[in-house]
Amino acid sequence: MWLLYAAGSAFFAGVTSILAKCGIRKTDSTVATAVRTVVILAFSWLMAGLSGSLGQIGEIDGRTLLFLVLSGAATGASWLCYFRALQLGDINKVVPVDKSSTVLTILLALIFLGEGISLPKAAAVAAIAAGIFLMVEKKDVTDTEKSGKKSWLLYAAGSALFASLTSILGKIGISGVESNLGTAIRTCVVLVMAWVMVFVTGKQREAARIQKRELLFICLSGVATGASWLCYYRALQEGPASVVVPIDKLSILVTVSFSYFVFGEKLKKKAAAGLALLTAGTVAMAVL
């Protein structure tokens, strides 16, 4: 069943990027992240209640709670970087860089979780890395270096780094708690972190000025994220992180497809070849 949960996570994650992009055309990405986290918080605690896991709160030990909190903090940082990158750059460029967290997660799983990696899996990782490299244009890197400013590329790279930490910390943290309850607790941390960032940057008044249409898309992206989370952490709880994470990253296919129809973003031949490599490597990771 964990394979089905991982596939569900990929679909909802892919839809999330499209809905979020529609909601941050004029709305600040930090404010949007904070607002959508409110939706995800309500969604996650509802699912925890329906699953009957609320009674287990008192049974969570200190170590498990610590890793859930750390995982939530990493998720918050990843989100803030990711949605800022989405606001600054094209989806077809931002998402592949974010998916580079796959490679780092596999390495961290090997080091900290003892999940072995065979030669075929190593080749699959290399294919994923090569695919990501092809999908990022050289001028995006040089423009960032010349400007000296934080472009979408740096934010996307930060998103990937924190996402990989989220997976490892989450895997450790949910080993002793029901997945829905673990997701709900982590979301509380993300909510606090997101709103602290809003107030620190002095953007709290912008929350009341969000256009209704963009607010709708922001909320829908929150619902999609909640569904993705619930599937993802259930899959992590039952399956190996080194396989669950690559399957989840297939969300890029959903994102690229929708971005073509919604935003008219097209892939160049080089980027298309990179997408094919990334997909092939991801599928290989799931079946090897």
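# Exercises: cavity, patch and salt bridges

Helices α1 (2-23), α3 (62-88), α8 (152-173) and α10 (212-238) each contribute at least two residues to the lining of the largest cavity. The model is predicted.

**Exercise 1.** Describe the largest cavity: what is its volume, and which residues lie nearest its centre?

*Solution.* 
- Step 1. Start with the count. One cavity of 30 Å³ or more is found.
- Step 2. Take the volume. The largest cavity comes to about 460 Å³.
- Step 3. Go to the lining. It has 25 residues, and A13, W79, W229, D248 and K249 are the ones nearest the centre.
- Step 4. Eight residues are nonpolar, eleven are polar and six are charged.

**Exercise 2.** Locate the nonpolar patch on the surface and find which helix gives the most to it.

*Solution.* 
- Step 1. List the members. The patch is formed by F11, F258, Y260, F261 and V262.
- Step 2. Assign the helix. α12 (residues 251-263) gives the most, with four residues.
- Step 3. Check one member. Y260 is found in helix α12. Its relative accessible area is 41%. Buried requires under 20% and exposed over 50%, so a value in between is partly exposed. Y260 is therefore partly exposed.

**Exercise 3.** Find the salt bridge of K203 and state which parts of the chain the pair ties together.

*Solution.* 
- Step 1. Count the salt bridges. There are two.
- Step 2. Identify the partner. The side chain of K203 meets that of D28, at 2.9 Å from N to O.
- Step 3. K203 sits in the loop between α9 (179-200) and α10, and D28 in the loop between α1 and α2 (29-50). The pair therefore ties together parts that are 175 residues apart in sequence.
- Step 4. Is D28 buried or exposed? Its relative accessible area is 13%, so D28 is buried.

Terms used:
Residues are numbered from 1 along each chain as its sequence is written. This is a predicted model: local features need pLDDT of at least 70, side-chain atom pairs count only at pLDDT 80 or more; totals for chains, interfaces and linings use all residues. Side-chain values use heavy atoms; hydrogens and water are left out. On a 1 Å grid over the protein atoms alone, a cavity is a set of points where a 1.4 Å probe fits but cannot get out, and a pocket is an open set with protein on both sides within 12 Å along at least five of seven lines; lining residues have an atom within 4 Å of a point. Grid points are joined across faces, edges and corners, and a volume is the space filled by probe spheres set on the points. Ala, Val, Leu, Ile, Met, Phe, Trp, Tyr, Cys and Pro count as nonpolar, Asp, Glu, Lys and Arg as charged, and the others, Gly among them, as polar. Patches are made of residues with over 30% relative accessible area and no salt bridge: like charges are joined within 9 Å, nonpolar side chains (Val, Leu, Ile, Met, Phe, Trp, Tyr) within 5 Å. Accessible areas come from the Shrake-Rupley method with a 1.4 Å probe; for residues, only the protein chains shown count as cover. A salt bridge is a side-chain nitrogen of Lys or Arg within 4 Å of a carboxyl oxygen of Asp or Glu. Buried means under 20% relative accessible area, exposed over 50%, partly exposed in between (1.4 Å probe, protein chains only).
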